[in-house]
Amino acid sequence: MPERESGWPWLRERFVRLRPGHRAGVGPEAVPGAVVQVAVVTDSAAALPADWVREFSADGRLTVVPMPVMVGAEIYGEGEDDIAETIAVALASGKPVKTSRPSPGQFEHAYRAAGGRGFQSVVSIHISGDLSGTADAARLAAERVGIPVEVIDSRTVGMAQGMGVQGAVVAAAEGRNAAEVKAFAQDRLDRTKVYFYVPSLEQLRRGGRIGAAASLWGTMLSIKPILAVDGGRIIPLEKVRSAAKAIARLEEIVAADASARPAGQARLAVHHFGNQAQAEELARRLAAALPACPPAQISALPAVLAAHAGLGVLAVIVGEGSTPDIWEAGAGRAAAEAGD
């Protein structure tokens, strides 16, 4: 079965009227009368669906800066055809796999390109600063360019970060200014949760993403941990005795979280690495448990995250499908205006 990388139906329907286009003399435009003032930049840790990126990066309104992965002495970038297989083989054989942040120069290039295309400002959304120095590189670049850049440390990873990016693109496409785009994206980010299971904590420990004490969970008495991203850091959530029970418990935690969201607003994404069938089965069970929730988006982890999580990871992101008009009806727009 092929990967389901397309965005959720609710989001794609909304974008029917937000497709890229140009109006001569005034720069990028999405809908009649709505000039897109703000470009959105992110990094490949956002795990955005490939077709979605292609559709909204064509005119520069969205730029995804690849994060490098080092396998032995070789350096790879996200999107290279063989990177997933290369990482999988390296991890299975014990070969060193490391990651790095993009250079400030890569972000500087993206910001200058946005200015050259006629955008008035940039909102730049990045992987948690506790897991990577990417946001710091973006801030360094922002100081070197003339176009105003708002850098957001998402405090999260994967499609949790991606949901904030998608929210920013939605808001920008409707003609919102930078303060509004930033505030809406932050609101979306604040509503996301990341829960995941890994068969082994060793790769996370090697990469410094969890402490040595926490890694003992995965070595003593065959304990299988369920983890979460909280406050930008990876934290142990629960200890389970077997892989089957851990995945079942992951499903229960996700279902409880999604059920507690406002009616009709919960949105799910499932990530995997080397275990697509297992991810699809988890998504089917979640669909049965949450009939009011749209089907989960299923995708492989981006290389930069797979390198740390390792083979067999299952991650579920729970977010909300609020849109700028719904958000605006509450306190969101007032908060954005107060930040101007």
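Q: Which definition of an axis is needed before the crossing of two helices can be described?
A: Axes are lines fitted to C-alpha atoms, taken for helices over the stretch in contact, and the angles between N-to-C directions run from 0 to 180 degrees. In this predicted model, the crossing of α6 and α7 is described in these terms. The definition asked for is therefore that of an axis as a line fitted to C-alpha atoms.

Q: At roughly what angle do the axes of helix α6 and α7 cross?
A: Helix α6 covers residues 158-173, and helix α7 covers residues 178-190. Their axes come within 8 Å of each other, and the crossing angle is roughly 150 degrees.

Q: Is α6 roughly parallel or roughly antiparallel to α7?
A: The axes cross at roughly 150 degrees, and angles over 145 degrees count as roughly antiparallel. The contact is made by residues of α6 including A160, M163, G167 and A171, and by residues of α7 including V181, F184 and L189. The crossing itself is right-handed, and the angle makes α6, relative to α7, roughly antiparallel.

Q: In what order do the four strands of the open sheet stand?
A: Strands of a sheet pair through backbone hydrogen bonds, either parallel or antiparallel. Here the pairing is parallel, and the twist averages 20 degrees from one strand to the next. The order of the four strands is β5-β4-β9-β10.

Q: Which strands stand at the edges of the sheet?
A: A strand at the edge has a single partner strand, so one side of it is left without a neighbour in the sheet. That description applies to the strand of residues 62-65 and to the strand of residues 149-153, which are β5 and β10.

Q: Which residue of β5 is the bridge partner of T42?
A: Strand β4, residues 38-43, runs parallel to β5, and four bridges join the two. For T42, the bridge partner in β5 is V64.

Q: What angle does the direction of helix α5 make with that of β10?
A: Helix α7 lies across β4, β9 and β10, running at about 15 degrees to β9. Helix α5, residues 134-142, packs on the sheet and touches β4, β9 and β10. The direction of α5 makes with that of β10 an angle of about 170 degrees.

Q: What is the phi of A47, and where is A47 placed?
A: Most residues other than glycine have a negative phi, and most peptide bonds are trans. A47 is not a glycine, yet has a positive phi of about 55 degrees, and its relative accessibility of 8% makes it buried. The place of A47 is the loop between β4 and α2.

Q: What is the relative accessible area of R155?
A: R155 is found in the loop between β10 and α6, and its phi is positive, near 60 degrees, in a residue other than glycine. R155 counts as partly exposed, with a relative accessible area of 31%.

Q: What percentage of the residues in the protein chain is buried?
A: The secondary structure of the protein chain comes to 14 helices and 16 strands. Of the contacts with a separation of 6 or more, 77% are between residues 24 or more positions apart. Among the 340 residues of the protein chain, the buried ones make up 55%.

Definitions and conventions
Residues are numbered from 1 along each chain as its sequence is written. This is a predicted model: local features need pLDDT of at least 70, side-chain atom pairs count only at pLDDT 80 or more; totals for chains, interfaces and linings use all residues. Side-chain values use heavy atoms; hydrogens and water are left out. Two strands pair if DSSP finds at least two bridges between them. Contact means heavy atoms within 4.5 Å. Buried means under 20% relative accessible area, exposed over 50%, partly exposed in between (1.4 Å probe, protein chains only). Angles under 35 degrees count as roughly parallel, over 145 as roughly antiparallel, 65 to 115 as roughly perpendicular and the rest as oblique. A crossing is left-handed if the near helix is turned anticlockwise from the far one by less than a right angle, and right-handed if clockwise.
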